[in-house]
Amino acid sequence: MSQTASNRAVFLDRDGTIMEDSNYVGDVERVLVIPSAAAALQRLQAAGYKLFIITNQSGVGRGYFTREAVESIHAHLDEHFGSHGVHFDRYYVCPHHPEDNCDCRKPKPKFLLDAAREYGLDLPHCFMIGDRTSDIQAGINAGVPAILVLTGVGRETLAKREVKPNHVAEDIGAAAAWILKDKP
């Protein structure tokens, strides 16, 4: 499959990658978007990348907040990023408790593979961006180049050396710049 605008995507972790990770965010009032996120996502989208949020939200499974609260946060993110011309193609949310051993919780690659099938993506030409070991491992498990951002818990993740990302970036802006280097 050739690399075209229609089959490339960037998979994004949510908390710690495009918004601050303030420990089980279940309320729109606690959403703080990372400053470089809107411009970075604009550039990726303008270059033809589809944008997908892949997020573990175990706060639902733990009873800290509801699935509706997660959807409210996503509506808020849609409004915020939409005002910058950015559109997320889809949110993939794992609401399960880690002990549930579900198929959709990162580092399992289910959602990346689902998106590839549903949207006709060419996974080797896609990217996964996140701040946790589970984000990077999900990318690796799906055959997608993975970028570790040092926002959120990224510095701690890097120090643990549990996974080897394809690239380490200061934030989502630097990750987008790396993806777009030498690319049309």
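This is a predicted model: local features need pLDDT of at least 70, side-chain atom pairs count only at pLDDT 80 or more; totals for chains, interfaces and linings use all residues.
Visitor: What is the volume of the largest pocket, and which residues lie nearest its centre?
Guide: The volume of the largest pocket is about 320 Å³. Its lining is made up of 19 residues. Nearest the centre lie Asp-21, Asn-56, Ser-58, Arg-105 and Arg-132.

Visitor: How many residues of each class does the lining of the largest pocket have?
Guide: The lining is divided by class into nonpolar, polar and charged residues. Asp-21 and Arg-132, which lie among those nearest the centre, belong to the charged class, because Asp and Arg count as charged. The lining has four nonpolar, seven polar and eight charged residues.

Visitor: What is the distance between the closest N and O atoms of Arg-132 and Asp-21?
Guide: These two residues, both among those nearest the centre of the largest pocket, form a salt bridge with each other. A salt bridge requires the nitrogen and the oxygen to be within 4 Å. The closest N and O atoms of Arg-132 and Asp-21 are apart by 2.7 Å.

Visitor: Why does the pair of Arg-132 and Asp-21 tie together parts that are 111 residues apart in sequence?
Guide: Arg-132 lies in the loop between strand E4 (127-130) and helix H5 (133-142). Asp-21 lies in the loop between strand E1 (9-12) and helix H1 (37-46), so the pair ties together parts that are 111 residues apart in sequence. The answer is therefore the position of the two residues in these two loops.

Visitor: Are Arg-132 and Asp-21 buried, exposed or partly exposed?
Guide: Buried means under 20% relative accessible area and exposed means over 50%. Arg-132 has a relative accessible area of 36%, and Asp-21 has one of 25%. Arg-132 is therefore partly exposed, and Asp-21 is likewise partly exposed.

Visitor: Which residue forms a salt bridge with Glu-118?
Guide: Glu-118 lies in helix H4 (residues 110-119), and its partner lies in strand E3 (residues 90-94), so the pair ties together parts that are 28 residues apart in sequence. The closest N and O atoms of the pair are 2.5 Å apart. The partner is Arg-90.

Visitor: How many salt bridges does a search of the whole structure find?
Guide: Besides the pairs described above, Arg-155 forms a salt bridge with Glu-170, with the closest N and O atoms 2.4 Å apart. Asp-13, Lys-106 and Asp-135 are linked in a network of salt bridges. For the whole structure, the number found is nine.

Visitor: Which residues point one way from E4, and which the other way?
Guide: The four residues concerned are all buried. Phe-127 and Ile-129 point one way, whereas the other way point Met-128 and Gly-130.

Visitor: Which residue in E4 is the bridge partner of Phe-11?
Guide: E1 and E4 run parallel and are joined by three bridges. The bridge partner of Phe-11 in E4 is Met-128.

Visitor: Which residue in E5 stands opposite Ile-129, and what is the handedness of the crossover from E4 through H5 to E5?
Guide: Three bridges also join E4 to strand E5 (residues 146-149), and these strands run parallel. The residue opposite Ile-129 in E5 is Ile-147. The chain crosses from E4 through H5 to E5, and this β-α-β crossover is right-handed.

Conventions: Residues are numbered from 1 along each chain as its sequence is written. Side-chain values use heavy atoms; hydrogens and water are left out. A salt bridge is a side-chain nitrogen of Lys or Arg within 4 Å of a carboxyl oxygen of Asp or Glu. Buried means under 20% relative accessible area, exposed over 50%, partly exposed in between (1.4 Å probe, protein chains only). On a 1 Å grid over the protein atoms alone, a cavity is a set of points where a 1.4 Å probe fits but cannot get out, and a pocket is an open set with protein on both sides within 12 Å along at least five of seven lines; lining residues have an atom within 4 Å of a point. Grid points are joined across faces, edges and corners, and a volume is the space filled by probe spheres set on the points. Two strands pair if DSSP finds at least two bridges between them. A crossover is right-handed if, with the strands pointing away from the viewer, the path from the first strand over the helix to the second runs clockwise.
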